[in-house]
Amino acid sequence: MSRNIWALLSSDFSHGSTSIFAPAGTPAHSIFSLSLLVLGITTAIFLIVAGLLLFAVIRYRHRASDANASQEPPQIYGSTQIELSWTVIPVLIVVLLFLATTRIILSTQNAPKPAAALDVTIVGHQYWWEFSYPKLGIVTANELHIPVSDPKHPTPTYLTMTSADTDHSFWVPRLAGKMDLIPNQINTMWLDPQTPGLYLGQCAQYCGIQHAKMLLRVYADSPADFAAWVARQQKPANNDATLDQQAVAGRAVFQHSVCISCHTVAGTVATGRFGPDLTHLASRDTIASGSLPNTPANLRAFIDNPAAFKPGALMPAMHLNQHDLDAVTAYLSTLK
Amino acid sequence: MATHTSAPAPSTTYTPPRRLVLDVLHDWVTTVDHKKLGLMYIGYALIFLVIAGFQALLMRVQLSIPNNTFVSPQTFNSLFTMHGTTMVFFVGMPILFGFGNYLVPLMIGARDMAFPRLNAFSFWISAFGGFLLYFSYFGASGLYGAGNAPDVGWFAYAPLTARVFSPGHSTDYWTLAILLSGIGSIGTALNIVATTLCMRCPGMKLSRMPLLVWLYLVTSSLVFVTISPLTAAQIMLMLDRYAGSHFFDTQAGGSAVLWMHFFWIFGHPEVYILVLPAFAFANEIIPVFSRKAIFGYPAMVAASVGIGFISLSVWAHHMFTVGLGPGANTFFVLATMVISVPTGIKLFNWLATLWGGKIHFTASMMFAIGFLFQFLIAGLTGIMLSVAPFDWQLGSSYFVVAHFHYVLVGAILFMIFSAFYYWYPKMSGRMLSERLGKWHFWIFLIGFHLTFDFMHVPGLLGMPRRIYTYEADRGWMIWNMIVSSGAVFQAAGTLLFVYNMVWSYFKGPIAGPDPWDAWTLEWSTPSPPPEYNFAVIPTVDSRRPLWDIKHPDDPDSRYE
Amino acid sequence: MNEAAVIPQTTPWVLPSRGVVGMACLIIAESAIFTIFVVAYLYYLGKDITGPTPRQVLDLPIFTSICLLSSSLSVHLAVSALHNAKRGLCSLWLAVTVLLGSIFLGGTAHEWYKLIVHDGLTLQTNLFGTTFYSLVGLHATHVLVGLIMLSLALIFSLNGSMTSKHTGRLEVLSLYWHFVDAVWVVVFTVVYVLGR
């Protein structure tokens with residue numbers, strides 16, 4: 001706990017907002033509007049009922065100085081009219097709320113899918129996200145790039161989701177409500193961010209020890225940026241013969257160790273599916289599912305001992321010697 | 001109004017010799033008396049309240065600042081699992097069954113429960129369940145070696161609980177402990193139903209039973225169809241883990257969602273099982289300290305029965321994000337909203353009971369008034385969550401944690417405190433200190449609101465539940481710090497309460513049979529009642545037999 | 001101290017029997033457990049990935065079902081006999097009940113032997129195996145418990161400890177037995193009729 005607490009406090013209200021009251025996409029916007037109606041109704045009910053309670057508690061308190069303090073007050077056993085009215089009014093409120101809610105459920109869950117929609121498949125793993133774009137031939141992890149959607153010509157992203165192990169949940173509050181990833185079941189949802197930017201989220205269903213560090217980063221790119229990102233991701237892994245010596249050595253270490261049984265680097269012998277795809281690892285801002293910035297120092301330390309940052313992560317410590325560790329880090333840093 | 005007698009003059013009656021400690025212990029261990037069993041349930045629950053409260057304190061320290069390392073991830077995950085499991089099964093259920101055990105026979109003019117030995121068996125098997133759960137700290141093994149308490153969350157979703165994801169025995173301790181506690185709960189519920197239906201004193205038709213007895217009847221009936229689904233699901237889980245079956249084995253075509261359905265078919269009515277006794281206490285305490293009969297007795301009965309029935313149809317509002325489809329989601333939205341109608345009726349009836357009364361602000365009543373305001377808020381956040389799209393954002397977030405703690409602590413625990421201040425004189429023969437009681441109330445109230453009002457905010461800002469730490473850039477820190485600060489006040493208030501109970505047992509003023517000038521049958525016995533309860537089984541003529549005696553010119557029987 | 005107003009009672013104050021109410025509660029709780037197992041069975045019908053299906057391996061257990069359902073009649077006759085203080089007849093009908101129940105259990109054991117050894121169906125084989133054995137097994141366990149209790153009653157009837165003043169208790173036991181039979185009707189319909 002050696003950080004500067006005041007510095008942390010001041011950063012609370014600056015960047016990194018995951019507030020449900022700052023919607024940036026249609027699903028989040030519809031929920032936001034509905035929530036205003038609901039908050040309005042419940043606040044009104046609260047003010048009326050709590051007001052009456054407060055009044056009763058003050059007005060009808062027993063005062064020893066009263067004239068008839070020792071007598072019991074009139075015993076009222078009930079009143080059919082009053083009881084009927086406070087049954088009927090809540091029923092009407094329920095009907096109103098129910099209809100408003102149904103409208104939003106249908107508009108979100110039954111939204112027709114435009115032809116220009118992008119398809120992304122998400123598979124949840126303990127404790128990372130696998131994203132693949134079937135029609136684009138891209139497989140990546142933890143950082144989801146999707147195009148910004150212009151309301152006049154919508155280009156939403158449709159997510160098809162399942163899990164490879166336990167239950168997870170995809171929650172990026174500024175873009176939409178959450179949807180669970182359940183093994184042996186397919187769930188779907190859609191996103192249409194309307195402003196470019198980075199949207200944060202994280203797994204919202206307890207999935208095991210490192211549930212807390214299964215973070216989400218959704219990059220809403222402008223059409224040009226998105227096209228450029230796709231083009232880079234579609235290229236095979238950087239297998240250049242002109243890589244520097246250390247990177248070449250690192251590639252050899254990588255391809256001769258057990259790394260390849262868990263990870264994929266497209267176009268090489270590494271074809272493992274248990275861990276995240278590393279083909280374009282160096283193009284990502286973070287490692288360890290968004291919980292560490294992607295710098296050579298962090299990468300090196302993580303490979304050496306993942307449990308030091310993320311105890312319980314399923315990647316074992318690789319026990320490489322210092323020389324090999326530096327080499328592998330250098331190699332992975334070339335995988336742009 | 002209070003009619004406690006002063007300490008009796010030295011008498012010439014026979015004082016029995018002091019009993020041996022071993023004899024006293026033997027008496028308590030082998031007792032089948034509903035009053036002693038009730039007190040054992042309550043004492044047992046208070047011990048676990050302190051333990052589970054301590055677990056909460058540890059969690060709040062860990063979450064005060066981002067990226068904290070006060071406890072490890074494994075420890076934190078065990079803490080929230082044990083905190084939830086303990087509070088529901090080894091604090092909530094025992095304390096409420098304890099009060100029910102003590103009060104129901106007295107209130108209906110009976111000498112004991114219908115099945116006294118079953119009563120004792122139910123207590124001891126539940127107690128063993130609690131012991132088993134905590135033995136896991138020593139005996140269990142998990143992913144990380146020996147001494148692992150369960151860490152799968154109190155609702156233990158599949159397939160996280162499968163052998164492959166939760167090796168070792170920590171999950172099994174969870175399953176078995178709750179299974180045993182469930183058997184005890186069914187036994188006690190059976191006893192309450194049989195006692196209520198078969199042992200009422202002459203003249204006490206069902207329509208003349210105290211509302212507390214009605215609510216315990218509804219609660220116990222709910223237990224039969226609520227605990228059993230959990231028992232069945234746990235048998236299935238054990239078969240999956242040890243016999244190789246595939247109930248929740250997603251690799252073999254099994255369904256993770258099926259566990260959720262079974263668990264929540266238990267889990268939702270379970271929270272009504274916890275809250276209906278709190279309503280029961282309110283129905284007795286609020287009228288007495290308002291000096292008025294409860295407003296709308298028939299509607300209160302109907303609303304309680306209605307809540308019991310409807311509560312069986314709302315379970316999948318815990319599963320709005322699971323992908324059930326718009327049809328199912330819509331149905332559960334409606335059912336959940338509908339249950340707010342009878343619940344609201346009860347709240348309005350309490351308001352109408354206060355209205356026109358002469359309210360006495362004893363410690364008991366202050367907690368009851370706190371309950372009224374807080375239950376109103378808890379119900380309203382519940383309505384918010386019933387709006388499925390809103391739940392798509394707020395489900396599994398700290399908003400939900402705040403909502404259910406508002407009900408569990410703000411409504412149920414407050415009413416339990418109220419019940420303690422009200423019935424402690426009957427159970428022990430002494431009054432609790434009103435002065436300490438008021439300190440307890442205010443300190444606890446401040447702590448409660450600091451913690452649980454502000455806890456809604458991180459949920460609205462996107463903080464999910466069950467995370468052992470969080471990123472510094474989310475803006476959650478200040479709210480977590482405020483939430484954590486409230487925990488200290490609640491701990492202080494609770495310790496003050498425990499001190500009050502111990503001190504008052506030895507030094508409190510003698511209570512006499514009827515310190516509150518109340519109207520139900522338990523106040524016609526000495527405090528504490530003799531083992532046989534009533535020398536002569538009473539005959540009653542109205543809902544408030546003691547009111548009739550005290551007001552022979554204006555008895556209730558004239559108006560019913 | 002205890003001066004509740006005493007109103008002369010014009011109608012006698014009669015409340016239900018504790019034993020019957022208690023057994024009714026137990027039956028409700030047990031029904032809820034069985035319902036969950038039945039729901040699991042129905043939910044997984046047709047969802048097997050591998051292995052034998054119900055149609056391939058299940059035969060209608062007509063004979064054993066008739067035995068079990070007749071035992072409800074025989075236990076009812078035992079209760080009647082006890083009520084009329086006919087101890088010998090009561091012992092006879094209790095023995096018949098135990099016999100019929102045992103035939104049912106024996107038949108179940110035989111069926112399971114065939115399924116495990118000849119058809120290769122176990123709890124672990126597939127979803128059908130899991131849900132079939134657990135549901136039918138849960139029922140068989142309840143039959144076994146009932147048979148133990150009925151045998152005890154038979155012993156008490158034979159040695160003279162159980163007389164007509166214990167009719168209420170035997171009736172409560174018979175309610176449990178009727179429940180077990182009613183559950184079998186449901187299990188039979190769901191597993192052997194609907195499921196095949």
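Mentor: Happy to! Let's begin with helix H4 of chain C, whose buried residues pack against helix H2 (54-57), helix H3 (62-83) and helix H5 (127-158) of chain C. Please keep in mind that this is a predicted model. The buried residues of H4(C) are Cys90(C), Ser91(C), Trp93(C), Leu94(C), Thr97(C), Val98(C), Leu100(C), Gly101(C), Phe104(C) and Leu115(C). After the helix comes Gly120(C), with a positive phi near 65°.

Now for the chains around it. Chain C makes no contact with chain A, and the closest C-alpha atoms of the two lie 12 Å apart. Two pairs of chains are in contact, and chains A and B share the most contacts. That contact takes 81 residues from chain A and 80 residues from chain B. On the chain B side, the helices that each supply at least two residues are H3 (73-107), H7 (256-290), H8 (297-310), H9 (326-354), H10 (363-386), H11 (388-394) and H15 (477-507). H9(B) gives the most, with 14 residues. By type, the residues on the side of chain B that touches chain A divide into 50 nonpolar, 24 polar and six charged.

Chain A deserves a look of its own. It has eight helices and twelve strands. Its C-alpha trace spans about 100 × 50 × 40 Å along the principal axes. The radius of gyration of chain A is 28 Å, whereas a compact globule of 336 residues would have one near 20 Å. Buried residues make up 40% of the 336 residues in the chain. Among contacts in chain A with a separation of 6 or more, 65% come from residues 24 or more positions apart.

Chain A is divided into domain 1 (9-63 + 112-233) and domain 2 (245-332). The centres of these two domains, taken over C-alpha atoms, are separated by 29 Å. Where they touch, domain 1 of chain A contributes 19 residues and domain 2 of chain A contributes 15 residues. On the domain 1 side, strand S2 (128-133), strand S3 (138-141), strand S10 and helix H4 (223-234) of chain A each supply at least two residues. That side divides into nine nonpolar, five polar and five charged residues.

S10(A), residues 215-221, pairs with S4(A) in the parallel sense over five bridges. Within that pairing, His145(A) has Tyr219(A) as its bridge partner. Five of the five residues of S4(A), which covers residues 143-147, are buried, so this strand is largely enclosed by the rest of the structure. In a regular strand, side chains alternate between the two faces of the sheet. Here both faces of S4(A) are covered: Glu143(A), His145(A) and Pro147(A) are buried on one side, and Leu144(A) and Ile146(A) are buried on the other.

Notes: Residues numbered from 1 in each chain as written. Chains lettered and ligands numbered in written order. Predicted model: local features only at pLDDT ≥ 70, side-chain atom pairs only at ≥ 80, totals over all residues. Buried ≥ 20, exposed ≤ 12 C-beta atoms within 10 Å, placed from the backbone. Helix = DSSP H or I, 4+ residues; strand = E, 2+ residues; numbered from the N terminus. Pairing = 2+ DSSP bridges. Contact = placed C-beta atoms within 7 Å. Nonpolar A, V, L, I, M, F, W, Y, C, P; charged D, E, K, R; others polar. Domains from an automatic or database assignment. Rg over C-alpha atoms; globule rule 2.2 N^0.38 Å.
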